[in-house]
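Here are a few exercises to work through with the model open beside you. Try each task before reading its solution.

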Amino acid sequence: MRLPVADSGSTARLARIPVSARRVHLIGVGGTAMAALAGMLVERGLSVTGSDNQLYEPTASLLKNSRVGLMTGFSPANLSPAPDLVVVGNAIVPSNPEAVALLDSAIPYLSMPEALWHFFLKGRRVLMVAGTHGKTTSTAMMAHVLDAAGRDPSMLVGGVASDFGSNYRLGRGADFVIEGDEYDTAFFDKGPKFLHYRAIGAIITAVEFDHADIYRDLEHVKSSFRALVEQMDSSRVLAVCADFPHALEVSAAARSRRLTYGLRGGEYRATDITVGADGARFSVTRDGDRIQDSIHLPIGGRMNVANALGVYVLLSAFGVSGEEIAGGLRTFKGVVRRQQVIGEAAGVTVVDDFAHHPTAIGVTLEAIAERFPGRRILAAFEPRSNTARRNVFQNAFAAAFDRASRVYLGPVYFKENDPIAPGERLETGALASAIGARGPHAIACASNDQILERMLSDARAGDVALFMSNGPFDGLKERFLAALKARGSGTT
């Protein structure tokens with residue numbers, strides 16, 4: 001068996017890629033970006049198959065509605081007959097039986113970012129959003145603004161953009177808007193994905209420590225963003241959020257045209273911010289001079305105001321007018337699972353959110369509190385991401401829940417391919433005590449069923465129930481809403 005080697009940019013491997021592949025197979029097709037790539041390849045007229053162990057929403061529905069041939073489980077048999085090309089997802093480990101068979105074969109293969117460049121990004125004006133927070137919302141927002149302005153962009157985003165009902169679109173315009181992830185590319189390429197996209201314009205929304213399974217510490221994270229900045233020459237544009245000091249630090253030596261923005265600092269500022277039930281409103285100044293009045297953003301939240309400002313700054317640099325940007329922002333519907341109200345029953349509003357980092361949890365709770373003033377927030381959190389499961393944010397998580405009235409912590413999610421030693425694992429009991437010492441009532445639940453039981457017992461009319469996880473959270477939000485509806489109708 002041939003052992004995998006780190007061959008990012010390997011001339012020999014890339015030279016084997018066929019000029020006109022017709023049959024493409026994706027190993028790990030259930031990932032958000034992999035599912036989008038599969039759909040895009042189908043739209044291009046290719047025959048596409050994909051394998052994975054489990055499919056979760058929203059990608060499960062996206063794939064089932066596509067013409068992708070789905071294979072359950074990983075097996076060498078999935079590579080027979082041999083496809084023209086294989087794309088390997090970054091969740092696939094070298095010992096995966098399908099990956100082992102691939103490496104023992106002569107079948108050409110690419111990583112997902114390499115495949116995106118090969119099939120879709122070459123020859124397009126790539127506009128990218130990178131950063132620890134706000135990437136998905138900002139990417140969907142930028143694509144919608146360009147579409148509303150008649151530019152017909154292509155898009156790939158790490159969530160379902162409500163305006164398009166999908167996590168991708170293929171337009172005929174010059175622009176390709178893409179979410180740039182700092183996570184590693186594949187088992188044979190441990191560099192960050194965003195280096196493969198060769199963006200002409202990019203936003204860095206924030207730089208903080210995350211992805212503790214692949215990054216040693218904050219300095220390691222910053223090294224990836226420095227590599228992105230170094231890649232961008234003087235012909236390119238970089239918009240950097242000045243509210244995050246590490247974002248300014250990693251971009252300080254930029255050769256590209258660097259534009260800074262923020263709520264508290266930067267060349268461009270969002271001012272006159274108001275947030276309410278109908279979303280947020282703000283104006284834009286540049287070096288203290290007002291350049292855009294009263295932009296309405298329906299999704300609300302101060303972090304989303306910062307996201308919108310970053311989009312405004314980058315698109316302005318590429319000739320989109322302030323009025324066109326404001327018009328697009330005015331009709332932006334948001335992203336599925338980002339502060340998404342999924343229903344209301346028995347007087348309780350149920351909200352689903354993807355938050356899994358202390359900063360994201362804090363700003364989400366702030367946004368919910370501003371959107372629903374005076375209402376109790378019952379916040380359920382599942383430590384599921386590779387960082388949240390570890391104790392690196394044991395102390396930071398405590399302060400993240402200050403705007404909640406009650407907090408329900410789920411058990412630390414177990415992953416067979418990423419077991420965590422007890423001494424490195426988030427301690428939810430200690431976290432509940434730390435949260436409680438700051439004010440909110442908090443409980444570390446032994447199971448997700450206990451979360452459901454406790455929240456149903458505590459919930460009363462007027463409450464907002466917020467579920468936060470980067471996974472399906474055992475269907476808790478849907479089960480909670482169904483139980484409330486049954487309560488309201490008098491059934492059990």
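**Exercise 1. A helix and its burial**

Which residues are buried in H5?

Solution. Start with the ground rules: this is a predicted model, in which local features need pLDDT of at least 70, side-chain atom pairs count only at pLDDT 80 or more, and totals for chains, interfaces and linings use all residues. Residues are numbered from 1 along each chain as its sequence is written, and side-chain values use heavy atoms, with hydrogens and water left out.

Step 1: Buried means under 20% relative accessible area, exposed over 50%, and partly exposed in between (1.4 Å probe, protein chains only). Helices (H or I, at least four residues) and strands (E, at least two) are DSSP runs, numbered from the N terminus.

Step 2: go along the helix. The buried residues of H5 are Met 112, Pro 113, Glu 114, Ala 115, Leu 116, Trp 117, Phe 119, Phe 120 and Leu 121.

Step 3: draw the conclusion. Helix H5 covers residues 112-121, and nine of its 10 residues are buried, so the rest of the structure largely encloses it.

Step 4: look just past the end.

**Exercise 2. Backbone geometry in loops**

Solution. Step 1: recall the background. Most residues other than glycine have a negative phi, and most peptide bonds are trans.

Step 1: take Asp 287. Its phi is positive, about 50°, although Asp 287 is not a glycine. Asp 287 lies in the loop between strand E16 (279-286) and strand E17 (289-297), and it is exposed, at 58% relative accessible area.

Step 2: take Ala 346. This residue is not a glycine either, and has a positive phi of about 55°. The loop between strand E18 (340-345) and strand E19 (348-353) holds Ala 346, which is partly exposed with a relative accessible area of 36%.

Step 3: take Pro 81. Ser 80 and Pro 81 are joined by a cis peptide bond, with omega about 0°. Pro 81 is in the loop between strand E3 (69-72) and strand E4 (85-88).

**Exercise 3. The surroundings of Arg 406**

Which residues is Arg 406 in contact with, leaving aside its neighbours within four places in sequence?

Solution. Arg 406 belongs to strand E21 (residues 406-409) and counts as partly exposed, at 23% relative accessibility.

Step 1: list the partners. Contact means heavy atoms within 4.5 Å. Beyond those neighbours, Arg 406 touches Arg 376, Ile 377, Leu 378, Ala 379, His 441 and Asp 458.

Step 2: Leu 37 is 369 residues from Arg 406 along the chain, and their C-alpha atoms are separated by 40 Å.

**Exercise 4. The whole chain**

Describe the overall dimensions and make-up of the chain.

Solution. Step 1: count the elements. The chain has 15 helices and 23 strands.

Step 1: check the size. The radius of gyration is taken over C-alpha atoms, and the globule rule is 2.2 Å times the number of residues to the power 0.38. For 492 residues a compact globule would come near 23 Å, and the chain's 23 Å agrees. The C-alpha trace spans about 60 × 55 × 45 Å along its principal axes.

Step 2: finish with burial. Of the 492 residues, 57% count as buried.
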